[in-house]
Amino acid sequence: MKEQEVLRRANETLRRENEALRECISTLSAVVLRMSGGLDLDTVLHEAIDGARALTGAACGVITILDDSGQPEDYATSGFTEDERPQLPDVRSLADSADLMASKTFHRTLLRHQGRHVGDILLADKDSGGEPPEDEQTVLVLFASQAATAIANARAHREERRVRADLEALVDTCPVGVVVLDARTARPVYLNREARRIAEGLCLPDRALEDVIDVLRCRFSDGREVALHEFPLVRELSNAQTVLAEEIVLFAPDGRSVRTLINATPVRSGDGVVESVVVTMQDLAPLEELARLQAEFLNMVSHELRTPLAAIQGSAGNGLRVAPALDPAEVHQFFRIINEQADHAQDLISDLLDAGRIDSGTLSVAPEPSEVAELVEGARNAFLGGGSRHAVLIDLPRDLPRVLADRRRIVQVLNNLLSNAARHSPESSPIRVEAACDGVYVAISVSDQGRGVPPEQLPHLFQKHTVLAKGEDQRGLGASGLGLVISKGLVEAHGGRIWAASGGLGQGMQFTFTVPMVEEAGDASGSAPNGSHRLDQRHEPAPILVVDDDPETLRYVRDALAKADYSPIVTGDHRELSRIIKTEKPRLVLLDLLLPGTDGIELMESVPELADLPVIFISAYRRDETIARALESGAADYIVKPFSPTELTARIRAALRRRAGPESFVLGDLAIHYEERRVSVAGRAVKLTATEYDMLRVLSVNAGRVTTYESLFRQLWDGQEFGDPRLVRNFIKNLRRKLGDDPARPIYILNERGVGYSMPAPELS
């Protein structure tokens, strides 16, 4: 009987163990299925820690994952009450969770994937003591292996989504139209922004955009016309013919048309079957407009040069054809005409050379302290000495400060403006020259009582290819010429700006430009001690508020700000803006353009505290109209996603610097006085071209950080993001030579190979 009882008890024990094992396997399978059922990282983390507790009966738990450098990146908790839940401001503190929750005993299980430590599971036992049973540890290790795989898959999915989003943003904002056609139906399945713009300009109002292929016709360069759906590119998709640089004109039934340059490439599956065709189309209208403007510019230059050459040729021909007994007075007049017209031709050639130097960024000025009255008087004498009959009235205050100017160049600017006024006003009306202080500048104005210009044409006066509109009331205005273009380049090379004003036709013109004042000795506006460009001389990092409803963006921006020695304050709730600004007192706000239930521009109007701070918008929208609307609302800057940490911190520093006002920069013997656009090394003045100075300024205001080639192109070459790095290297080479910086052992401009350049940050005193 005893043996039977023992056997019965053994069988009962074995049965219970089998049931427990089956229940454990069932629970493990269910947990793994739930955990592996999604690819959202946050969901996977919460399922993993909840599943670990379900398998072990743990009271609470924490799961952390590590980044590639082995630092905690993200975490999730389970089982804590509201009072117990660790309030961890930084995931790096999670490793000390057991210390934070001293009332519990935590057991740690490593998460490993492909032999690499990717995270940890921390579980608190029910009874808060003792090691978990061996079989429970075995199940937990098995579960941890499955959890690590699920986490790795979720992270890979997140990275893939990020790369896909970046690629889609790149394609959508590409200036060339991109269309993806399905190979079976020859129907468009994707159009980027530029392609939609082209198609919308041709699509009929009652037809869908995707149906544009049915109504458009195309004209080839040889004159053939076919319906778009009969175009060989579409008809022969099954053959996947590659099309290169096919120039066609697309036109709608009502006559609207656009000239495009077409390229097409087939996309094949792994077994070679054509799945789709990618078509790129470039609108040739901007190129045609540029060619037209260039032709008009050449015509203008040819006309201007033809006039003095005709006078020279006529005078020389008359001198050769006349009788030997030519009167000496007549000979003198012929030679006078030849000399004057030769000088005029020389001036035109000099203008052309100056215009070329402005375009290439090599226009150089040599500023020195100068009296405004002397500059104006020199320009007046040169103007009247050229034969002008206009009266020039000068009205200058007696206490006008000296300016930092290249005397010859500023006289050239004034002479250009006086000549422009004389061309467009009657001889009986005077030309006025006035000046006044404008902050740290002196503003000089030249005004006339001539024909004037319509307000909508004022912004185009300083463009090289601009031709003013002609009509009955504007006959004779013609092209604006090179004088205003050169004046703009010369003024900007001095660090000033130039603008025009007019009440309209018949109401005259006024041109005004600014020149920086000389910082006299003992001036209260002198530079700060040691000339550091750093805005915040305090040791505590500047607080920056980040408002965005995307948690990935918040984390990305927070990490970038922390690494740049700022103190980030992040929130996804725009309703907290006013309270956070009042309590945290941030120095700057990074504000998402689109937020749930509102947008950043509305917040600029509804939250008065924002008006007292520089605001930088961050958004995925890069349309010019959107950016202009954001800046017009009072924003300090606008950053388009995706952006790099370098660009983000550089934009923040620039906004804070503008907020604090200009200061000087001193690095060893090198001194840069931003307000005066003056550079010196060991007290010796260094003459730089406009582009050389701007490049040095960009590098210095970003001192301590790498400025990439792309950033330099964006800031120095009209927003262009990509260009030949050799252009930047040539300017850096010239800068180093002028600064006396040894390229082999530089101390001012450091090379970051393949990335860009940097300057060391001056040490704070």
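R108 and D120 join their side chains in a salt bridge, with N and O 2.7 Å apart; the term covers a side-chain nitrogen of Lys or Arg within 4 Å of a carboxyl oxygen of Asp or Glu. This pair links distant parts of the chain, twelve residues apart, with R108 in strand β3 (residues 106-113) and D120 in strand β4 (residues 116-124). Strands here are DSSP runs of E with at least two residues, helices are runs of H or I with at least four, and both are numbered from the N terminus.

A word on the source: this is a predicted model, in which local features need pLDDT of at least 70 and side-chain atom pairs count only at pLDDT 80 or more, while totals for chains, interfaces and linings use all residues. Residues are numbered from 1 along each chain as its sequence is written, and side-chain values use heavy atoms, with hydrogens and water left out.

How do the two partners sit relative to the surface? R108 is exposed at 56% relative accessible area, whereas D120 is buried at 8%. Buried means under 20% relative accessible area, exposed means over 50%, and partly exposed falls in between (1.4 Å probe, protein chains only).

Across the whole structure, a search finds 21 salt bridges. Another of them pairs E73 with R158, at 3.7 Å from N to O. E73 belongs to strand β2 (residues 72-78) and R158 to helix α4 (residues 134-172), so this contact ties together parts that are 85 residues apart in sequence. E377 and R380 also form a salt bridge, with their closest N and O atoms 3.4 Å apart. These two are three residues apart in helix α9 (residues 372-385), which means that about one helical turn separates them.

Here is the accessibility of the partners in these last two pairs:

| Residue | Relative accessible area | Class |
|---|---|---|
| E73 | 23% | partly exposed |
| R158 | 14% | buried |
| E377 | 33% | partly exposed |
| R380 | 26% | partly exposed |

Shared partners also matter for the list: salt bridges join E73, R155 and R158 into one network.

Now to Y566, which lies in the loop between α12 (551-563) and β20 (567-571). Is Y566 buried or exposed? Y566 is buried, with a relative accessible area of 12%. Leaving aside residues up to four places away in sequence, Y566 touches P541, A542, I544, L561, T649, I652, R653 and L656; contact here means heavy atoms within 4.5 Å. One of these neighbours, I544, is 22 residues from Y566 along the chain, and their C-alpha atoms are 6.8 Å apart.
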